[in-house]
Amino acid sequence: MALNRLALLRGINVGGKNKLPMKDLAAIFEASGCENVRTFIQSGNVIFTAGPTVSKSLADVIASKIEAQFGYRTPIILRTTEQLREAVRNNPFLKPGGVEDTLHVMFLADRPNQAKIAALDPGRSAPDAFTVVGREIYLQLPNGMGRTKLSNAWFDSKLATISTCRNWRTVTKLLEMM
């Protein structure tokens, strides 16, 4: 059964590096067996429909095709509509009257183990705050993403996984589009 899915690519079209036109990215997804392919903004958000056979190895297939065509390999994290809906529902920093512009979600490729989560330093970048829930890290960054020490590299090394981050506005827009 084909499901709506979301692919989140890490580190493309950021600061002039890893350039990848969205029409080329959509074509790669279509050539890989995906249907109803749509992209959102230039940072590697792809909504598509695919069955379980295509989805099973899709992240590796797409990453390999990008590497062959553009000369770099980028991590790709997949979510279904229900998984994204759950991620939105689980945000512990979302409060009525809260400042949504400070909220971000880091999507993880794998679920980290509890010992590694417990070893994270909650005071690493005060007043920034984070909470790990399943395969997401929820961030509240009052001074913005550019000033925090809560980076992809830090979480990836501490949790032994790969992450990609989106601001709250993008996350909710992607869910709306799905």
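**View 1. Helix α4 against the sheet.** Helix α4 (residues 81-89) lies across β1 and β4, running at about 90° to β4. Contact here means heavy atoms within 4.5 Å. Helices (H or I, at least four residues) and strands (E, at least two) are DSSP runs, numbered from the N terminus. For the angles, axes are lines fitted to C-alpha atoms, for helices over the stretch in contact, and the values run from 0 to 180 degrees between N-to-C directions. Keep in mind that this is a predicted model, where local features need pLDDT of at least 70, side-chain atom pairs count only at pLDDT 80 or more, and totals for chains, interfaces and linings use all residues. Numbering starts from 1 along each chain as its sequence is written, and side-chain values use heavy atoms, with hydrogens and water left out.

**View 2. Helix α3 on its strands.** Helix α3 (residues 58-70) lies across β1, β3 and β4. Its run makes about 140° with β4.

**View 3. The open sheet.** Four strands line up as β2-β3-β1-β4, with antiparallel pairing. Strands β2 and β4 (76-80) sit at the edges, each pairing on one side only. On average, neighbouring strands are turned by 20° against each other, direction ignored. Two strands count as paired if DSSP finds at least two bridges between them.

**View 4. β1 next to β3.** Six bridges tie β1 (residues 3-9) to β3, and the two run antiparallel. L3 has A50 of β3 as its bridge partner.

**View 5. The β2-β3 hairpin.** Four bridges link β2 (residues 35-40) with β3 (residues 45-50), again antiparallel. R38 is partnered by I47 in β3. Between the strands come four residues, and I41 takes a positive phi near 50° in this hairpin.
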